[in-house]
Amino acid sequence: MPVRSHAVAARKQPIVSMAFGNKKAKKDARVALAEEKGYWQGEWICADCGYIYDPELFGGIFFEQQTKGFKCPQCSGPRRRYAKKVGDTVGVTLDGGDGPILAASFIGIVLTFALGYYFTFYE
């Protein structure tokens with residue numbers, strides 16, 4: 001009879017906690033590690049396609065721990081194209097943003113029109 005009481009007691013344990021462990025303890029440990037290392041606890045988002053980095057899909061590795069060869073799994077964008085997501089807004093990307101690209105594009109367009117005007121009316 002004592003064996004049967006142990007079997008009944010074993011059946012009454014929650015199956016979910018036996019299969020997956022204590023998720024709250026794991027999450028608390030991750031938060032403590034992030035605070036200790038100074039990692040961003042919010043979300044990282046790909047500036048090209050909007051993919052949100054999920055550490056659970058990458059074995060619990062924080063985004064800051066990813067190597068330089070890391071690419072976005074959705075669009076294959078480089079690591080530097082990820083930005084910190086704060087609320088509904090996205091912060092500056094790791095490569096300095098799109099300012100230099102936009103400035104160079106504007107200068108190129110102005111130069112193209114200036115040369116077109118010059119060669120049209122003065123040659």
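Phe-121 sits in helix H4, residues 99–121; helices here are DSSP runs of H or I with at least four residues, strands are E runs of at least two, and both are numbered from the N terminus. Before going on, note that this is a predicted model, where local features need pLDDT of at least 70, side-chain atom pairs count only at pLDDT 80 or more, and totals for chains, interfaces and linings use all residues. Residues are numbered from 1 along each chain as its sequence is written, and side-chain values use heavy atoms, with hydrogens and water left out.

Phe-121 is exposed, at a relative accessible area of 56%. On the scale used, buried means under 20% relative accessible area, exposed means over 50%, and partly exposed is in between, with a 1.4 Å probe and protein chains only. Phe-121 belongs to a nonpolar surface patch with Leu-111, Leu-115, Tyr-117, Tyr-118, Phe-119 and Tyr-122, and together they have about 810 Å² of accessible area. Patch members have over 30% relative accessible area and no salt bridge; nonpolar side chains (Val, Leu, Ile, Met, Phe, Trp, Tyr) are joined within 5 Å, like charges within 9 Å. The areas come from the Shrake-Rupley method with a 1.4 Å probe, and for residues only the protein chains shown count as cover.

Now the chain as a whole. It has 4 helices and 3 strands, in the order α-α-α-β-β-β-α. Of its 123 residues, 16% are buried. The accessible surface is about 9600 Å², and carbon and sulfur atoms account for 62% of that.

Which residues make up the largest nonpolar core? There are 8: Trp-44, Cys-46, Tyr-51, Tyr-53, Phe-63, Phe-70, Cys-72 and Tyr-82. A core here is a set of buried Ala, Val, Leu, Ile, Met, Phe, Trp, Tyr and Cys residues joined through side-chain atoms within 4.5 Å.

The search of the whole structure gives 12 aromatic pairs. One of them is Phe-63 with Tyr-82, tilted, at 4.9 Å centre to centre and 40° between the planes. This pair links distant parts of the chain, with Phe-63 in the loop between strand E1 (43–46) and strand E2 (82–86), and Tyr-82 in strand E2, 19 residues apart. Rings of Phe, Tyr and Trp (its six-membered ring) pair if their centres lie within 6.5 Å; planes under 30 degrees apart are stacked, over 60 edge-to-face, and the rest tilted. Both Phe-63 and Tyr-82 are buried. Ring pairs also link these two with Trp-44, Tyr-53, Phe-58 and Phe-70 in a cluster. Leaving aside neighbours within four places in sequence, Phe-70 has contacts that include Gly-77, Pro-78 and Arg-79, where contact means heavy atoms within 4.5 Å.

How many salt bridges does the search of the whole structure find? It finds 1, between the side chains of Asp-48 and Arg-81, at 3.0 Å, N to O. Both residues are in the loop between E1 and E2, 33 residues apart. The criterion is a side-chain nitrogen of Lys or Arg within 4 Å of a carboxyl oxygen of Asp or Glu. Asp-48 is partly exposed at 44% relative accessibility, whereas Arg-81 is buried at 12%.

Last, Ser-76, in the loop between E1 and E2. Ser-76 has a positive phi of about 65° although it is not a glycine.
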